[in-house]
Amino acid sequence: MEEMQADASRQQPAATKQQQEVGQSQIQLSHASYMNRYPDEYEAVREYLHGHDSKNKASKYKLLSFGSATGEEAITLATMYYPDNGGGGDNTVIFGVDLHQESIDKARASWVAATTNNGGKIIPESKVTFLNGKDTSISAHGLYDAIFANSVLCYHGTKGVNPESILKKYPFEQFESSLGYLDASLKVGGVLAIVNTNYHFSRSEISKRYTPLLAKCANFVPKVDAETVAYERSDNKNGMEDCVWVKKEANL
Ligand SMILES: C[S@@+](CC[C@H](N)C(=O)[O-])C[C@H]1O[C@@H](n2cnc3c(N)ncnc32)[C@H](O)[C@@H]1O
């Protein structure tokens, strides 16, 4: 944890105007989500964070569910992966950010229900906060120890979608800007968890400052090759794909 706290205090450049604009505009249109959707990814991130923090049991991580939809991811993290045991335990806080107000309202109602129906265990309501990303930049509550941007950095599932329409609606350059927006709010030593993107993270400029953490990612959104304007073959290495990345250095 010492290392992460030291990292948190390091100066990081803010997102550029363009990164901010892309970061705050709608990418994926579907609001579908469900509880514990990416268990292997969540477990890999938790193991990594706890590995950094083996001495300090009263850990307090700050996590972001970017594209939180109806809240299942943030609630999963709060209740299953970073539960607060009410005394010297895990004091992690989670922010969920979306642009779709109806989903945010549903997420808030689900969280209130979860805090009151948790088998008698007390969960402070302040552990999870849902925000509208149009009004509040993610940097307002950063820097984060981990950012989950699952099934968000993609244009997928819409009728008639194909590599050409993806490149038009969400070009590779915009993917890079989205990543820049997230990167500006992530601590050095923090984790970026991105299942289901339209493009390979490893092709982005910022990936040079990241290192992969092996995790089973279960990507179902096909990657697009911007050069050939075609879907790429899966790079699934025995189920271990490159969806979880650790930030090695800031963009200085
Ligand atoms: C398919 S849901 C993913 C929900 C959850 N992350 C999951 O994987 O289960 C995609 C969500 O991303 C949201 N979204 C799209 N662009 C966004 C942006 N720029 N900032 C925040 N949320 C965004 C959509 O409104 C939608 O609710």
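Visitor: Why is the disulfide of C217 and C243 called left-handed?
Guide: The disulfide is left-handed because the torsion about the S-S bond of C217 and C243 is about -65 degrees. A disulfide here is a pair of cysteine sulfur atoms within 2.5 Å. The model is predicted, with local features needing pLDDT of at least 70 and side-chain atom pairs pLDDT 80 or more, while totals for chains, interfaces and linings use all residues. Residues are numbered from 1 along each chain, and side-chain values use heavy atoms, without hydrogens and water.

Visitor: Which parts of the chain does the pair link?
Guide: The pair links distant parts: C217 lies in the loop between β6 (210-216) and β7 (224-225), and C243 in strand β9 (residues 240-247), 26 residues apart. Strands are DSSP runs of E, at least two residues, numbered from the N terminus.

Visitor: How many disulfides does a search of the whole structure find?
Guide: The search finds one.

Visitor: Now the ligand. How many residues surround it?
Guide: The ligand is surrounded by 20 residues (a heavy atom within 4 Å). The closest are Q26, S33, R37, Y38 and D98.

Visitor: Where is an oxygen atom of the ligand relative to the side chain of R37?
Guide: An oxygen atom of the ligand is 2.8 Å from an N or O atom in the R37 side chain. For S33, a polar side-chain atom lies 2.6 Å from a ligand oxygen atom.

Definitions and conventions
Polar contact = N/O pair within 3.5 Å; in protein donor to acceptor, adjacent residues only side chain to side chain. Helix = DSSP H or I, 4+ residues; strand = E, 2+ residues; numbered from the N terminus.
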